[in-house]
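Please keep the sequence and the structure in view while reading.

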Amino acid sequence: MQNAEVARQFEELADLLEIQGANPFRLRAYRNAARTLSGLPDSIQDIARNNPKELLELPGIGKDLALKIETIVETATLPQLEELKEEIPADVVRMLDIPGIGPKKVAFLFSELSIHSLDDLKAAAENGVIAEQKGFGKKTEQIILAGLEHLSQAGNRVRLADAKAQSDEIIHDLDTLKSVLQISEAGSCRRRKESVGDLDILVTSSQPNEVMDALENHELVKEVLARGETKQRVRLNSGLEMDLRVVPEESYGAALLYFTGSKEHNIVLRRRSQERGLKLNEYGLFREEELVSGRTEEEVFQTLDLPWIPPEIRENRMEFEAAEKNKLPELVELEQIRGDLHMHTTATDGTASILEMAEGAKSNGLQYIAITDHSKRVTMANGLDATRLRAHWKEIEKVQSQISGIQIMKGIECDILEDGTMDLPDDVLSEADWVIAVLHYGLKQPQKQITQRLLNAIRNPHVSIIGHLSGRLIGKRPGADLNYSEVLKAAADHGTMMEINAHPMRLDIDDIHAAKAKELGIPIVINTDAHSVRGLEVMQYGVYQARRAGLTKKDVANTKTWKQFYNLLKTSR
DNA sequence: GCCGTTTTCGGCCCGACTGTTTTCAGTCG
């Protein structure tokens, strides 16, 4: 039972209770608990089984929810949830995904109009039944019909790299308008969250209407969903939705804070404001009617006796405690990265030669790389057996003699086989400068078995690092069911490093577990896993993820100079 | 349902926009 699954059940329970019209604060309690669980690096199952008392220490978990967690862990479900699911069909809950339709309307449709399925809903809208109801109308009917069309893609989160590319392009184009004074991205995109639900853009301008017109006519924009005096919502051709907000200059900082979030971070800021007799909203920090601050984020934080907190860590996880003690981490930056230790060449499934990859990395300013092609188990990628690998390493030595200013390590991305052994024998691995051990197959094995595979690899003295630990593909495939606590503890004990794979689909390990790895003193390496020269450019996304985990230069081993890194490797063996 | 240096009850963040309304509820972020 993974933390995410327990969280999902609480979310589902909250949705169902909301349709039933339950106390909104009770719903919030369930949703807060779900959030606590998804942000928890340790296994909730282990805690519930071994130290159930510790559940009460978790924020937002009280007696009742602790008991419910224990029940879910033991029985895989919750009687209360099952009962509610009997009462309210799954299709009725799905109606919540129609934008503009919320719990109140769903409850009415279900109990007053006996609409039990999406087909019922479509029929009722088409027959004009819905438009006749009190509180509904012709427009609502249209919203429902349009919403049913989009339902399959609604709620889909987009990977950061895809979202940010669109956001950047629109911001760049709007910024050319004379009437735009300041412009910034906001929302989860600015926080560099691995996936983004929608985009937010904040503008100060003398001519809000001109800015909104420009957005409306932008080539990436498909349609306008809402438009008021200061706020516009559009849908892009990609399906992603974008909010534009126009605020006065004196409010820009407060608005930037507000729209960057996270919601949980903002709630703490507002409570903090209240404690000081102030009120914080998107227009500024106010004492009664008087604007105290709001022009810049720094100013607002300062009024609340806090240093400026970087957007990536505004999640109400550790940032307030650190800020209070004046111990905010100096987050790692792309410019500090000096090596890239996971990449492929034409020897397996890459598209560039060893020399091309080395030259590409060098022109990106790197001092050292590792060439890490696949091992033989990955037949699809033409993985290397011992003979081909040794020849490949010879080739690397040859290239090294042809190029200066960059160190090329002889590496291998070696599969951890389903039975827990390595895909290549120890004597071969012992000849490598750098061994990345990874899971590619058997990702669905039960927790005990797959965790054991990783433990075997971590304890292998020739393994330098574990690559893309969970094997997840964001939005496509969940990661393996791992016992993270055991894996990370073993890595810390054996001096095995952990990778943050920078590929936008992977970003693996994630921010939560990277933070845990840091806490345990495990050196983290951010790698691109590039399969082409262009693939080397995704390093930035790995750095974003590291920043979200609160990692500093010191925590990331490939910020070291080649010499320092070489020494670290020698001593950790 | 959680929480507490205003503590075991009574709070729990704040505002814009829309549609269906005659002053506001619902939805959203």
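## The model and its domains

The structure is a predicted model. Chain A has a mean pLDDT of 92, and 99% of its residues reach 70 or more. Among the elements of chain A, the lowest mean pLDDT, 84, belongs to helix H9, whereas strand S17 (residues 524-527) has the highest, at 98.

Chain A is divided into domain 1 (3-150), domain 2 (158-246), domain 3 (250-324) and domain 4 (334-572). The centres of domain 1 and domain 2, taken over C-alpha atoms, are separated by 30 Å.

## The surface near DNA strand B

DNA strand B is surrounded by 40 residues. The closest are Gly62, Gly102, Lys105, Gly137 and Gly228. Several elements give two or more residues to this surface: helix H2 (24-38), helix H4 (63-75), helix H7 (103-111), helix H9 (138-150), strand S5, helix H14 (263-275) and strand S8 (279-281). Which of them gives the most to the surface near DNA strand B? It is H14, with 5 residues. Sorted by class, the surface near DNA strand B has 16 charged, 13 polar and 11 nonpolar residues.

## Helix H12 and its buried face

Helix H12 covers residues 208-216, and its buried residues are Pro208, Val211, Met212 and Leu215. Why do they line one face of the helix? Seen down the axis of H12, the buried residues fall within an arc of 95°, so they line one face.

The buried residues of H12 pack against one helix, H10 (160-174), and against strands S2 (180-186), S4 (199-205), S5 (221-227), S6 (231-236) and S7 (241-246). Strand S5 is also among the elements that give two or more residues to the surface near DNA strand B.

Ala214 is found in helix H12 as well. Is Ala214 buried or partly exposed? Ala214 counts as partly exposed because 19 other C-beta atoms lie within 10 Å, while 20 or more would be needed for a buried residue. Leaving aside residues up to four places away in sequence, Ala214 touches Leu174 and Leu177. The C-alpha atoms of Ala214 and Ser195 are separated by 27 Å, although these residues are 19 apart along the chain.

## Backbone features in the loops

Most residues other than glycine have a negative phi, and most peptide bonds are trans.

The peptide bond from Gly261 to Ser262 is cis, with omega near -5°. Ser262 is found in the loop between helix H13 (252-260) and helix H14. A cis peptide bond also joins Asp508 and Ile509, where omega is about 15°. Ile509 lies in the loop between strand S16 (497-501) and helix H22 (511-519).

Positive phi values occur as well. Arg192 is not a glycine, yet its phi is near 60°. Arg192 is placed in the loop between helix H11 (187-190) and strand S3 (195-196), and it counts as buried because it has 23 C-beta neighbours inside 10 Å. Asp529, likewise not a glycine, has a positive phi of about 60°. Its place is the loop between S17 and helix H23 (539-548), and with 26 C-beta neighbours inside 10 Å Asp529 counts as buried.

## Two partly exposed loop residues

Glu418 lies in the loop between strand S13 (407-415) and helix H19 (426-429). With 16 C-beta neighbours inside 10 Å, Glu418 counts as partly exposed. Apart from residues up to four places away in sequence, Glu418 touches Tyr441 and Gly442.

Ser353 is in the loop between strand S11 (339-340) and helix H17 (354-363). Ser353 is partly exposed, with 15 other C-beta atoms within 10 Å. Beyond its neighbours within four places in sequence, Ser353 is in contact with Thr345 and Thr346.

| Residue pair | Apart in sequence | C-alpha to C-alpha distance |
|---|---|---|
| Ala214 and Ser195 | 19 residues | 27 Å |
| Glu418 and Gly535 | 117 residues | 29 Å |
| Ser353 and Ala517 | 164 residues | 34 Å |

Notes: Residues are numbered from 1 along each chain as its sequence is written. Chains are lettered from A and ligands numbered from 1 in the order in which they are written. This is a predicted model: local features need pLDDT of at least 70, side-chain atom pairs count only at pLDDT 80 or more; totals for chains, interfaces and linings use all residues. A residue is buried if 20 or more other C-beta atoms lie within 10 Å of its own, exposed if 12 or fewer, and partly exposed in between; C-beta atoms are placed from the backbone. Helices (H or I, at least four residues) and strands (E, at least two) are DSSP runs, numbered from the N terminus. The arc is that of the directions from the helix axis to the C-beta atoms. Two residues are in contact if their C-beta atoms, placed from the backbone, lie within 7 Å. A residue is near a molecule or strand if its C-beta atom, placed from the backbone, lies within 6 Å of it. Ala, Val, Leu, Ile, Met, Phe, Trp, Tyr, Cys and Pro count as nonpolar, Asp, Glu, Lys and Arg as charged, and the others, Gly among them, as polar. Domain bounds come from an automatic or database domain assignment. pLDDT is the predictor's confidence in each residue, from 0 to 100.
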